[in-house]
Amino acid sequence: MDDLSRRLLQRLVRRIPAQALKTTLGKWDRLTAAQRQSVDFTQPKWTITETLLAIFEENEWTMKHVTELEMIHIIDNPNQGMWYAFQLMDPEDDAKSVELTQFKEQFKAHLSELVRHVSVKIKKHTDEAVWIRIAWGDSFSRPNHMKPTYVVHHLQTPYVFVTSLTSKQKPLLSQALILSTRHQGIKDANLSGRKLAAIRDLLMKQYQQVFPTKYPGTLTEKNQTVSNPRIEREQAELGENRFQMACEAFGDGMLPQLQSAIYKLETKFRDHTNKTMTEREELPFKCVVKFSSTNLLESLRECAASGIASTPVTPLLSSIPLKGRNYFVITDNGLGPSSQTNQPQN
Amino acid sequence: MFKIVSGFVRYNTTIRMERQHSSVVRTPLDSVKVQRRSKSRSYRQSYRSCLGAASRLGSTPAFTARRLNTSRKAPKLHNITEKVNAEQLALLMKSEWKLSYVTPLYQFRHTQLKSYSRQLSAFIAAEKQQGLAVEVEGSQNSFRVSFSAVQGMAGTDDDAETVLIQIHSKSIFARQDEHQRLIWSGWLTCINGNPDYLRSLPKDFICLPLFGSSGSEVLTSSVQSWFQQNFDCCFGPLEISHTSLQWLVALWTNCHTESNIQHLKMIWSIPVVPPLQITYTVNPQDAWDLWNSVRKSPQEEKETEEEEGRSIDIEEVMQFMQGLKSHFYRHFRLDLSAGSLKQVSTALGSAKYNGRIKISNSKYMITTLTLLTEGALLKMPI
């Protein structure tokens, strides 16, 4: 076992909590029952590391085996960095027929053509997702296993999720993906977040949505002693209406956990009380607005339901779940750079 | 109210009781009888009865001065680089400071700074021995405290000179010439304090209401308790209020033509579950154009003011904020007024609601500290 694999294994053991490590080793299924028993997970981390290193040496396992272990852990615990979504475009006629073995071979072949030193590992997960681990090198250096890129792609869908990718590696990965999935292009889906499941659900619309319905209010009659029952009822109706519209815009129940949304606004300043600014020639008022929360969609839904945000919800905000994106460039004419959205007129 | 009685003892105890103790701080000991009469009255009444006509409220009997000034001078370029020692200035701009207010110091003398340095060193050493400050540094380390006056850092002649305190740590095994590490620094200042108030103070009191500290909390509380014991004052946390933050938005934006603010960044927090944070960053030129558009036309101003720079009115500040909010609302149909402003930052500095401030440009330090001094005076429980 070389020094690099030893270091990677040490780091892996250090980062994974003891109980999770036990589970990961169980799933990995390479240790014999006796070996598994020899690892005492109540011991300090360095003792566990020593034991595992000894087992690896004994079996003459290499980097390949350490990365296997890492992949199993990452697949089970994917929320450890920023995930960025990409979308494949213009499928070829045979795009639908690409299956796993073919994809695997093609992807590895194309990427090694583009980069001299690269190490690729592909694993199919139970939920139909294909997980790819890439350790990048270049013409002069060996693949760096300490900083791998992870890519998740659901075959036969246009969606790709990527974490830890540098701008230099991006065109290489894009090229390999386009060729091996039989598409003609790939674009930034303008969606990113810390929870892989959340951005996947948003893009693939796998969460509970509410469709607009005009339904009769299910108001129960209020106690007659209330000072003004009509006002009460009206307020309750308004509240319920707001809640319904908030759910129509953002969804019902638990919502995908998105952390932020960013809007680059380059629109004119329009305010009837401020003539000077409104009449500024052709000049947009430039600003960037970032919304953040531990669960952005739930926060926004409550803003709308409580009246802090007016209903019906503006398309700018409802576009997050509707279009499955959280980065927008807003201009007045809608003909801005790649990712603009038309500014609603009011 | 019963605690008022205990307030008559020269206190050197906790900050928690500051309210009840309030009347003592600035009052010479021989005026105890006056205070006793105020025993059963409310806090505000005792404030009034103690200060009487000499109050900083001057001729205004009502409590209008409990609010921030509604108009202030436009920030002028203060070339304090010429007046203030460059090293001291650099230190003031290096850190983010945690703010507190301090009640006036009894018998504090700017001529005694050397002796204070020794006393505070000894005090910290003693606290360390009691095991209070051990976790700050390894126990082999000794502390060296130095007090210095920051000359030239003042708004008017009524302001007491700013005092800078630095604590260096030194291993006792280290050689004489070995470098000493700065582990804590702090300052007490008063910039453009209300002159009526400052003049109303009895002779033995020095008013340096704004205290900033940077370094371990343990040392901060050691320094504070040393001041409390020696100068009969009390400290309390100073938040930078919603209104002060809005003032800073305007004051800093107003500087843009002279010193590029790079960006105007404001952070709002909206009270929903889970809490929503909105960061609104405006292009500096667009922010300035908007600010310029809400400024009253110069003709409305008195001519005499033109030389000194036009003053800024709270209405203009509010209109500016309204403009920013309405542009936001037009896009998101979400009312920022429902939340509160928590943080403001530009290239000139940053200010947070929890009382942390960083001043990155010395030219506008005086303007910012004037506002904060005012806030500290208002927060003081007397």
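Strand S1 (residues 83-91) of chain A pairs with S6(A) in the antiparallel sense, over 7 bridges. Strands here are DSSP runs of E with at least two residues, numbered from the N terminus, and two strands pair if DSSP finds at least two bridges between them. Within this pairing, A:Gln87 stands opposite A:Lys187 in S6(A). S1(A) is also joined to strand S5 (residues 159-163) of chain A by 5 bridges, again antiparallel. There, A:Gln87 stands opposite A:Tyr159.

The model is predicted: local features need pLDDT of at least 70, side-chain atom pairs count only at pLDDT 80 or more, and totals for chains, interfaces and linings use all residues. Residues are numbered from 1 along each chain as its sequence is written, chains are lettered from A and ligands numbered from 1 in the order in which they are written, and side-chain values use heavy atoms, with hydrogens and water left out.

These pairings belong to an open sheet of 6 strands in chain A. The order is S2-S3-S4-S5-S1-S6, and the pairing is antiparallel. Strands S2 (118-124) and S6 (183-193) stand at the edges with a single partner strand each, so one side of each is left without a neighbour in the sheet. Neighbouring strands are turned by 20 degrees against each other on average, direction ignored. Axes are lines fitted to C-alpha atoms, for helices over the stretch in contact, and angles run from 0 to 180 degrees between N-to-C directions.

Strand S3 (residues 129-136) is joined to strand S4 (residues 149-154) of chain A by 6 antiparallel bridges. A:Ala129 stands opposite A:His154 in S4(A). Helix H6 (residues 100-114) of chain A packs on the sheet and touches S2, S3 and S4. Helices are DSSP runs of H or I with at least four residues, and contact means heavy atoms within 4.5 Å. The direction of H6 makes about 165 degrees with that of S2(A).
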